Amino acid sequence: METLSKTKAGDFGCTRNRQGDIYTDVLELHTIELKKKPDKERPSPLDEWHSLFNAKTEEDLDMIKAGSKNKGIIEAVKELKEISLADNLRFAHELRLQAKRDREAEDEFVYEQGQENGIKIGMEEGIKEGMKSLINSMRGINATDEQIVNALVKEYGISQKEAESRLRQ
């Protein structure tokens, strides 16, 4: 019979029998015992969490959030406020979050498409410049048009007709 039993350190683990044989080490609960009231003379980082767990009103949460620099506390206050919203307000909030996520996904898609198009255009421009450079270099060594056309066909894998067209440009 599996049970949740207290381990040596005061934590809880899943055991197989009363002797404490560990059933799995995947599940382990750690507990922290908090004092009833935080010690104001010797503040502790846990005092903010203590205050959070004892908060009764939204104003208490606002005060905790305003007085904390702990990102975990600020995020917990935000989540507590979100789950305590009325159904219609929570629905509206979820719609805003969904719209934000959709917008981010759309922006990412458009950015990637723009990059792909930019690379394609850049490659095409590079090939055109390369062809111009090859034509100019071969003209510099007094190559015939036929030799230039043959070089374009060989280097760029274009048709004879396209090579002749590029030569005339």
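I started at Ser 68, whose side chain reaches the backbone nitrogen of Asn 70 at 3.0 Å. I count such a polar contact when a pair of N or O atoms lies within 3.5 Å; within protein, one must be able to donate a hydrogen and the other to accept it, and residues adjacent in sequence count only if both atoms are side-chain atoms.

This is a predicted model: local features need pLDDT of at least 70, side-chain atom pairs count only at pLDDT 80 or more, and totals for chains, interfaces and linings use all residues. Residues are numbered from 1 along each chain as its sequence is written, and side-chain values use heavy atoms, with hydrogens and water left out.

I placed Ser 68 in the loop between helix H2 (58-66) and H3. Helices here are DSSP runs (H or I, at least four residues), numbered from the N terminus. Is Ser 68 buried or exposed? Ser 68 counts as buried because its relative accessibility is 7%; buried means under 20% relative accessible area and exposed over 50%, with partly exposed in between (1.4 Å probe, protein chains only).

Next, the neighbours. Leaving out residues up to four places away in sequence, Ser 68 touches Glu 48, Ile 73 and Ile 74. Contact means heavy atoms within 4.5 Å. Glu 48 is 20 residues from Ser 68 along the chain, yet their C-alpha atoms are separated by 7.5 Å.

Then I moved to H3. At its start, a side-chain oxygen of Asn 70 comes to within 2.8 Å of the backbone nitrogen of Gly 72. I found Ile 73, Ala 76, Val 77 and Glu 82 buried in H3.

What does H3 pack on? The axes of H1 (residues 46-54) and H3 come within 10 Å and cross at roughly 10 degrees. H1 and H3 are therefore roughly parallel, the term for angles under 35 degrees. Glu 48, Trp 49 and Leu 52 of H1 meet Gly 72, Ile 73, Ala 76, Val 77 and Leu 80 of H3.

Last, I checked Asn 142, in the loop between helix H4 (87-140) and helix H5 (145-156). Its phi is near 60 degrees, a positive value in a residue other than glycine. Asn 142 counts as exposed, because its relative accessibility is 68%.

Technical notes: Helix = DSSP H or I, 4+ residues; strand = E, 2+ residues; numbered from the N terminus. Axes fitted to C-alpha atoms, helices over the stretch in contact; angles between N-to-C directions. Parallel < 35°, antiparallel > 145°, perpendicular 65-115°, else oblique.
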